[in-house]
Amino acid sequence: MDAKARNCLLQHREALEKDIKTSYIMDHMISDGVLTVSEEEKVKNQPTKHQRAAMLIKLILKKDNYSYISFYNALLHEGYKDLAALLHSGIPEISSSSGKDSDGGITSYVRTVLCEGGVPQRPVVFVTRKKLVNAIQQKLFKLNGDPGWVTIYGMAGCGKSVLAAEAVRDHSLLEGCFPGGVHWVSVGKQDKSGLLMKLQNLCSRLDQDESFSQRLPLNIEEAKDRLRILMLRKHPRSLLILDDIWDSWVLKAFDNQCQILLTTRDKSVTDSVMGPKYVVSVESGLGKEKGLEILSLFVNMKKADLPEQAHSIIKECKGSPLVVSLIGALLRDFPNRWEYYLRQLQNKQFKRIRKSSSYDYEALDEAMSISVEMLREDIKDYYTDLSILQKDVKVPTKDLHKKMITQFQRYYQLHTLSPDQEDCMYWYNFLAYHMASANMHKELCALMFSLDWIKAKTELVGPAHLIHEFVEYRHILDEKDCAVCENFQEFLSLNGHLLGRQPFPNIVQLGLCEPETSEVYQQAKLRAKQEVDNGMLYLEWINKKTIKNLSRLVVRPHTDAVYHACFSEDGQRIASCGADKTLQVFKAETGEKLLEIKAHEDEVLCCAFSTDDKFIATCSVDKKVKIWNSVTGELVHTYDEHAEQVNCCHFTNKSHPPLLATGSSDFFLKLWDLNQKECRNTMFGHTNSVNHCRFSPDDELLASCSADGTLKLFDIYTSGLLAEIHTGHHSTIQYCDFSPQNHLALVALSQYCVEVWETKKVCKSSAIVLKQDVDVVFQENEVMVLAVDNIKHLLLINGKTGQVDYLTEAQVSCCCLSPHLQYVAFGDEDGAIQILELLNNRVFQSRIGHKKAVRHIQFTADGKTLISSSDDSSIQVWNIITGRMEKDFVCHQGTVLSCDVSSDATKFSSTSADKTAKIWNFELPSPLHELKGHNGCVRCSAFSVDSSLLATGDDNGEIRIWNVSNGELLHSCAPISVEEGAATHGGWVTDLYFSPHSKMLVSAGGHLKWWNVETGESLQTFYTNGTNLKKIHVSPDFKTYVTVDNLGILYILQILE
């Protein structure tokens, strides 16, 4: 063994003896023929793991270089990559010593293998490129006996084929990695018949004794299958070299679990095949000295004796090995033509640079033209368009960018640029780039700080590219006003999930929701005032000053509920998963989508990045755990040992290779090593579903929490239970985590959407978080809001001043205010109704009337009667003064979801989960009309002010308008239009309200919408920070609106006049 290799092994002996398990490593070394069975027994007879490792190292130290290389490869194969890295610097170079004959550094063994495999010989004039050859060999070593692809790519004539052949002229590489031989196939540009012929020839070479078949394969699929069997059974551990691959479909014919080295001009050809992939890029140009060396060898002169023209020729050739070789071969035959060939190069007379050679194209122009001809038609057009620029002339790029902008301004206007124009997409993608490159600060700011541009661009290409431009050109945009740039970038980031959807939201209305100091708001306000004069409807959020928005970026990557999201370790990417069964990966800065993977057969419950960011783990209701390549999206592993849905997954923080923990509804935790196919350890102890798990920062402990109300700590090495904490919770513990000092923290989470939080802005908020059961009374200029907070307090809030009066503490399911602010009524989950007198804050009526939870409660216009609906399918009418129940209507077969009273107090409506609505007279026991036709639960209803119309809304987002007198359907105000699975309304329609003249209607659901009742046209949409709005309360003049979203944020909106 070389001294260098021996010293490296001795230097790292202690680390190796401490960590390695010898059994699998010895299997590899025995198959390589460097370790005997008796030596294996000698190692196995040692009593401890450490002593077995020590004995193996001792045996290797007595052996040769091949043993060192075999041991190194075994470490790689068994997942000890960190230990293999320690030995990498000591890998010996195996030469022709030890009795092996040599010719030019190549052993007879190498010559035989390459000759049998059809590998081309070195060219007559050969110049070494050691750095590139070494890079290729290192990639081949990484295949380590497993199927995979090493791609050498570069421009035509850069020497890819010569480098591929040179890389395998290495004794240690062939003997250690490819003992089954090397097989070279010159592929080139082929059609299907040509490819079949290549495959037939290869199969014949590999099966010369015809032991597998005496007939050639008849089609490509048969040939592919034949090749797979031959490589697996007759030529295991061999290398297949595919020279000059043009098309990805050709490569698929060789995708059969082989080790493959290929050369190509397009590195994307391997995108269509599976397995590990390694790439070596070959620059198109040689250095000046290498170029002169090639010329000197061709003309048989010393470099110092070459004429002056030699230096100019190398310069004109741009270092291309092909061009230099063509010129060299010509000069060898015509040694007096130095000046002539230099002039031909300078004048671009490539047809005259012609010389028969082993290269496929005799003349330089042929090699160039074939490369251009093989481009896609659209790319070929780009090449032709750009060929107007003269070669070797320095183009004044700044002036060129300015001219591009001048051309744009001459032929286009931003407000007239439409998608059907030929060059529209180019300008939307690159107009800002040209302005920035030309240092046109004023023009760039005018463009980027324009709501018109933001609307036009995001409507076509979405918000991610525009956010990226704000980040990319921040240094230029900040020169005008840093605050303005911040305003627009924040506006885009927080509204990106809306700007990327259809139908496209009104950008002016979105701008009006920004802080009043924002440039975005000021532009939107100016535009809104102009459009209001033309009949447009806009709304002001008048209490927005009290709301703190901590979000930095909001995206809408999924088409259904989002269950989990996590950062990559470097903070550059976010992965999310959800009910749509997908894994999504996007940029943390801009929200730009990087990957979308249909990850599982059922809902994906959790995802996690590995510490090195190379992998993402996902787990699902389908009981499977999957590992994905975080860059390519390729599936790496699938684990299916859990018996129930897998709820959580988490990687270790520092360990190499990384370990993954998963928790399941089967009550078990499992630990996985990514280098193994089966579970490494299973941890027992929970008596209900495991909801969450986390490794400690030092990777020694694993914490888990469960629906059994316990938190457990496990030792990850022994899988033993170290500690158990009974929290006393009656509900499920959802989350557990460690602080950086290993102190454990418990957190309960409620997740609504994917949001990116800016840590420095997050603080403990003292703001009241409201539940969605609110009622509102509009009195002169006052807006009084009755609400319940998250700690069960019943509150009365002045909507204009923000003053809060605490009324009482109660279990409230719904509540309402009397019209003149005399009484408060509220129902609870047990069916009870209580009435509170506001003047002295005392309960003066309390009755249990319903058998189940009270869902809706409402005063009549005179404030003397109360109407309530319940899950028990009934509606009851109460006298406020006496407290007596005067009427009890059994209205529906299903739960009664809402009711409304007509303004004349003679009729009421009821809606139900049975998909019907009914109109009732208070004096009659049977309904006046039963309204059928909805396809979902009818969740709400509202009478018009004159009681002639009734509007109903359902869970499919449909709103219907009915004639109250005869029960006929008049028309549908919100026809369903599904986009990505969501109705036009954004989900359920949960509340409705008519304008005084019955020509407009406002609805609540996923957001607020205003409608033209007669045409069904949407007039405006207001998007709240949260979703799932339950109620909309409207002033009598239809100018002020109050609602609460599912985040507990109160919105008081006014029509802009």
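1. R228 is partly exposed at 34% relative accessibility, where partly exposed lies between buried (under 20% relative accessible area) and exposed (over 50%), with a 1.4 Å probe and protein chains only. Its side chain forms a salt bridge with that of D225, at 2.7 Å from N to O; the term denotes a side-chain nitrogen of Lys or Arg within 4 Å of a carboxyl oxygen of Asp or Glu. D225 is likewise partly exposed, at 36%. Both residues belong to helix α13 (residues 220-234), three residues apart, about one turn of the helix.

2. This is a predicted model, in which local features need pLDDT of at least 70 and side-chain atom pairs count only at pLDDT 80 or more, while totals for chains, interfaces and linings use all residues. Residues are numbered from 1 along each chain as its sequence is written, and side-chain values use heavy atoms, without hydrogens and water.

3. The structure contains 23 salt bridges. Among them is the E17 and R13 pair, at 3.0 Å from N to O. E17 is buried at 10%, whereas R13 is partly exposed at 27%.

4. D871 and R855 also form a salt bridge, at 3.1 Å from N to O. The pair links distant parts of the chain, 16 residues apart: D871 lies in the loop between β38 and β39, and R855 in strand β37. Together with E829, these residues make up a network of salt bridges.

5. In strand β3 (residues 148-153), five of six residues are buried; helices (H or I, at least four residues) and strands (E, at least two) are DSSP runs, numbered from the N terminus.
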